[in-house]
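This briefing concerns the structure shown below. The points that follow are grouped by topic for reading beside the sequence and the model.

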Amino acid sequence: MVRLIVLLGIACGAVAFVPTTPSPRASWALSASRARDLIQSLFEEHNCFSTEAGVRAFGDVCAYNVVYEDRFEAQPLQGKTAVVQHLLQRVTQKQGKGTIRLDKITDGDQACGFLWTWVTPQEEGLRGTTLVQLNEKGEIEYVSEFPEPLYKPGDATKDLLKALTAGETWKPFQPFEEKNPTIACELVKYLFEDLQAADPKLAQQYMMRFWSDNVVYHDFNFEEPLRGPQKVLEFTQDFSFPGITFRPLRYDDGRDLACFTWEVILGDIPDSIKGISFYELDPETRKIVYVRDIAESAIKPPILGKLARQLRPGLGVFRGVPLGSRRT
């Protein structure tokens, strides 16, 4: 059966690729991290989000009913044809002035998340995080892509959330079982499911055991990342007040790194805020060494983001930074 899947993948790939280019399906069919290996192949061998041929390679491994949630846009793309057309349009808009670089990727099998950056030969610009999920055939059935916001409100985020949840009270706290997960996807589920209903003061103190001494935590509502467990603790305390419900939506199954999407519900406001998080564990200590959080824009497409893509199509930001100069 496995050999049959590989042969079918090669046969399907021949429709979209010239004979000398291997199908991306063939390289990951026997892997224990199929989703990761597929996305790596699409980036490394096909430059999948930066060229027309790469987009068609991406489309070749999508399910016919794939859903692509580009959180820059107002509505998701549904179906392979719509997704390919959308990605081809983005390639055209970049005018050949830049590519999209794969920065980090989780080691998921059924799903994986990855970090990316828009780059030119001299500069780097827009960053983001994407979650990809495969169906039982190994085809891409779901994508959720979050670009960073160009306007980063910083501490004003907390003030706005407090204003929107004014008058709310805490729901009854639930006890939690003390665990010590060492698999990335299991750890994030424990943090954001088991500990969510607990007394936040107790949960936050217990969470300290999971942060590495050199953890870097970058919430993209802020310009600069937090460094060290004490700063992370203070940050989580600042955002702990009644009226906020954090609800995970989709997880990958990464072991050393994990990615998941979520929504935040504010009081009785009907519309939620969607977002994505990426976690990396130290391979030796199994503690968290890196986190990236990105929330979607309330306005789609965001005004500044749209203007930056028009003025700097290769970078997607108004002002890039020297290539390789970023630490996160």
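**A buried loop residue and the basis of the model**

Arg286 is buried, its relative accessible area being 18% (buried means under 20% relative accessible area, exposed over 50% and partly exposed in between, with a 1.4 Å probe and protein chains only). The model is predicted, so local features need pLDDT of at least 70 and side-chain atom pairs count only at pLDDT 80 or more, while totals for chains, interfaces and linings use all residues. Residues are numbered from 1 along each chain as its sequence is written, and side-chain values use heavy atoms, with hydrogens and water left out.

**Confidence**

- The protein has a mean pLDDT of 90, and 91% of its residues reach 70 or more; pLDDT is the predictor's confidence in each residue, from 0 to 100.
- Over residues 1–21 pLDDT stays under 50, and the model has 20 contacts for them beyond four places in sequence (contact means heavy atoms within 4.5 Å).
- Where pLDDT is low, the predicted coordinates should not be read in detail.

**Backbone features in loops**

- Arg286 lies in the loop between E11 and E12, and its phi is near 65°, a positive value in a residue other than glycine.
- Helices (H or I, at least four residues) and strands (E, at least two) are DSSP runs, numbered from the N terminus.
- Gln95, placed in the loop between H5 and E3, also has a positive phi, near 55°, and is not glycine.
- Lys300 and Pro301 are joined by a cis peptide bond with omega of about -10°; Pro301 belongs to the loop between E12 and helix H10 (303–311).

**Nonpolar cores**

- The largest nonpolar core has 33 residues, of which Ile39, Leu42, Phe49, Phe58, Tyr68, Phe114 and Ile140 touch the most other members; such a core is a set of buried Ala, Val, Leu, Ile, Met, Phe, Trp, Tyr and Cys residues joined through side-chain atoms within 4.5 Å.
- Among the elements giving two or more residues to this core are helix H3 (34–46), helix H4 (52–60), strand E1 (62–70) and strand E6 (140–147).
- A second, separate core holds 32 residues, including Leu161, Leu195, Ala203 and Trp211.
- Apart from residues up to four places away in sequence, the residues touched by Ile140 include Leu38, Ile39, Leu42, Phe58 and Val132.

**The cavity**

- The structure holds one cavity of 30 Å³ or more. On a 1 Å grid over the protein atoms alone, a cavity is a set of points where a 1.4 Å probe fits but cannot get out, and lining residues have an atom within 4 Å of a point.
- The largest cavity contains about 80 Å³ of space, a volume being the space filled by probe spheres set on grid points joined across faces, edges and corners.
- Phe43, Phe49, Arg90, Phe114, Glu145 and Arg309 are among the residues that line the largest cavity.
- E4 supplies three residues, the largest share of this lining.

**Helices H7 and H8**

- In helix H7 (residues 184–194), the buried residues are Ala184, Cys185, Leu187, Val188, Tyr190, Leu191 and Phe192.
- The cover over these buried residues includes helix H8 (200–207) and strand E9 (244–251).
- Pro200 lies in helix H8 and counts as buried at 15% relative accessibility.
- Pro200 is in contact with Trp170, Phe173 and Ser240, leaving aside neighbours within four places in sequence.
- Pro200 and Arg319 are 119 residues apart along the chain, and their C-alpha atoms are separated by 39 Å.

Notes: 1 Å grid on protein atoms, 1.4 Å probe; cavity = no way out; pocket = protein on both sides within 12 Å on 5 of 7 lines; lining within 4 Å.
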